[in-house]
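Trainee: I would like to learn how to read packing in a model, taking one feature at a time. Please give me the general idea before each case.

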Amino acid sequence: MASREELSGFLAAVERRAFKQAVFALRDDESALDAVQDAMMKLAEKYADRPAEEFPMLFQRILQNVIRDAFRRRKVRSTWTTLLSAFSGPDDDEDHDPLESMVVEDSSDFARTPPQNLEQSEIMALIEREIARLPARQREAFLMRYWEELDIAETARVMGCSEGSVKTHCSRATHTLAAALELRGITL
């Protein structure tokens, strides 16, 4: 059974990567933040009594289900919004995004020069754009394998597919990303 500290430590360690994963899937910061928060709450509420070693798999499965649910809700809302839009006026309400005001320091940047930091941030932005362009299943497999560092069997269980499918999705994703970066003169 995991302690509160282990659960808190896990959630703190996974939150940024989970947010990026959700942004890539949902293409909206607010929806992604909601999805990550929902997944974290579900893990804490329903699985806090599990061993800490099970948290990565459980969390990824929960997060993927929350993302799928968000797509379903978006589809339903879109249908009703389209139907009811004739009855409403323009919406002037703007929500504040807490992520815009969050300041995060990365201590690894202190050893690099400003031009190196700029180059790295541009390359990372390019990689993120290319990841966002991947088909959903390729992106999902790629992020779980290489960002979340799940093994093939764990990724297959989370995605609900065979290990061979995971290998195929990852292979296609890496080839697509490598080709896109090579077109821009970036070799890793």
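Trainee: Which helices do the buried residues of α5 pack against?

Mentor: Contact here means heavy atoms within 4.5 Å, and buried means under 20% relative accessible area, with exposed over 50% and partly exposed in between, using a 1.4 Å probe and protein chains only. Helices (H or I, at least four residues) and strands (E, at least two) are DSSP runs, numbered from the N terminus. In this predicted model, the buried residues of α5 pack against α1 (4-26), α6 (136-147) and α8, and those buried residues are Leu 126, Ile 127, Glu 130, Ile 131 and Ala 132. Residues are numbered from 1 along each chain as its sequence is written, the model is predicted, so that local features need pLDDT of at least 70 and side-chain atom pairs count only at pLDDT 80 or more, while totals for chains, interfaces and linings use all residues. Side-chain values use heavy atoms, with hydrogens and water left out.

Trainee: How many residues does helix α5 have, and what span does it reach?

Mentor: The expected span of a helix is 1.5 Å times one less than its number of residues. Helix α5 (residues 114-133) has 20 residues and reaches 29 Å from its first C-alpha to its last, close to the 28 Å expected.

Trainee: Is His 169, in helix α8, buried or exposed?

Mentor: His 169 counts as buried because its relative accessible area is 17%. This residue of helix α8 (residues 163-183) touches Arg 137, Gln 138, Ala 141 and Met 159, when residues up to four places away in sequence are not counted.

Trainee: How many aromatic pairs does a search of the whole structure find?

Mentor: Rings of Phe, Tyr and Trp (its six-membered ring) pair if their centres lie within 6.5 Å; planes under 30 degrees apart count as stacked, over 60 as edge-to-face and the rest as tilted. The search of the whole structure finds four such pairs. One of them joins Phe 24 and Trp 147 edge-to-face, at 5.7 Å centre to centre with 65° between the planes. This pair links distant parts of the chain, with Phe 24 in helix α1 and Trp 147 in helix α6, 123 residues apart. Phe 24 counts as buried because its relative accessibility is 4%, whereas Trp 147, at 22%, counts as partly exposed.

Mentor: Phe 142 and Tyr 146 form a tilted pair, at 5.1 Å centre to centre and 55° between the planes.

Trainee: Why are Phe 142 and Tyr 146 separated by about one helical turn?

Mentor: An α-helix has 3.6 residues a turn, so residues three or four places apart point the same way. Phe 142 and Tyr 146 are separated by about one helical turn because they are four residues apart in helix α6.

Trainee: Which residues have the most contacts inside the largest nonpolar core?

Mentor: A nonpolar core is a set of buried Ala, Val, Leu, Ile, Met, Phe, Trp, Tyr and Cys residues joined through side-chain atoms within 4.5 Å. The largest one has 26 residues, and those with the most contacts inside it are Phe 10, Val 36, Leu 43, Phe 59, Leu 63 and Ile 67. The elements giving two or more residues to this core are α1, α2 (29-47) and α3 (55-84), and α1 gives the most, with 10 residues. A second, separate core of 12 residues includes Leu 126, Ile 127, Leu 143 and Ala 173.
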